[in-house]
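Dear colleague,

Please find below the structure that I am handing over to you. My findings follow directly after it.

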Amino acid sequence: MVVVSRNGVRTAIEVQAALTYNDDDTARGLAILMRDMTQAQQAKVEANRLAAIVESSHDAIIGKTLDGRITSWNAAAESLFGYTADEAIGQPIQMLIPEDRQHEEMRILASLIRGDRVPEFETVRRARDGRLVPVALTISPIRDAEGRIAGASKIVRDITQRNLAELARKKYERLEAENRQIQEATRMKSQFLANMSHELR
């Protein structure tokens, strides 16, 4: 409920009430406990705001425990990997990691136990249909109310298009270099033919 103080300040409170009894078990009165809920409501609003950000992110955001069990899975993770939240939550994170990349998870776990944030790195992860997806990963520790590390948050960005753009750029640069070489060879050939023609004349 909401109470209003003498100076007009409104405060959300939680009220718990219990009857008190006389020695002969007759009702004597009421004991009322009121607790200020302002901080709890602010925390709830903040949690809802963060949940909305996570859910609307274009990057896959995955929560996991320290033993590697998936605890949260946003819509972008579902789109990227093909598993619904119901299918992914509770499963080992290793289901996304190709066999030749399993060592990465041990390195990540060691960093998390130390409380370190794992800087972004590029790797490959496996989707439900078996295809390998090039991704950039950023991993941060999740702490409980006492500050102990309880798990990790992984932000996974699909870099397929970025890699394709980089390959196209390199191919373009290579073709440009080859074109310059061809133009230089053509110029040298024309110059040689002009010199020969002059000499012959």
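Arginine 35 is partly exposed in this predicted model, with a relative accessibility of 47%. Its salt-bridge partner is glutamate 14, and the closest N and O atoms of the two are 3.0 Å apart. Glutamate 14 belongs to strand 2 and arginine 35 to strand 3, so the bridge ties together parts separated by 21 residues in sequence. Glutamate 14 is likewise partly exposed, at 28%.

The count of salt bridges comes to 13. Another of them joins aspartate 59 and arginine 157, at 2.6 Å from N to O. This pair links distant parts of the chain, 98 residues apart: aspartate 59 sits in the loop between helix 1 and strand 4, and arginine 157 in strand 8. Aspartate 59 is buried, at 14%, whereas arginine 157 is partly exposed, at 39%.

A further bridge, between glutamate 105 of helix 4 and lysine 64 of strand 4, has its closest N and O atoms 2.1 Å apart. Glutamate 105 is buried at 5% relative accessibility, and lysine 64 is buried at 3%. Together with Lys154, these two residues form a network of salt bridges.

Helix 4 itself comprises residues 102-113. Its buried residues are Glu104, Glu105, Ile108, Ser111 and Leu112. They cover an arc of only 125° around the axis, which means that they lie on the same side of helix 4. Strands 4, 6, 7 and 8 are among the elements that cover them. The face turned away from the buried side carries the exposed residues His103, Met106 and Ile113.

Yours sincerely

Note on methods:
Residues numbered from 1 in each chain as written. Predicted model: local features only at pLDDT ≥ 70, side-chain atom pairs only at ≥ 80, totals over all residues. Heavy atoms only, no water. Helix = DSSP H or I, 4+ residues; strand = E, 2+ residues; numbered from the N terminus. Expected span 1.5 Å × (residues − 1). Buried < 20%, exposed > 50% of the residue type's maximum accessible area, 1.4 Å probe, protein only. Arc of directions from axis to C-beta. Contact = heavy atoms within 4.5 Å. Salt bridge = Lys/Arg side-chain N within 4 Å of Asp/Glu carboxyl O.
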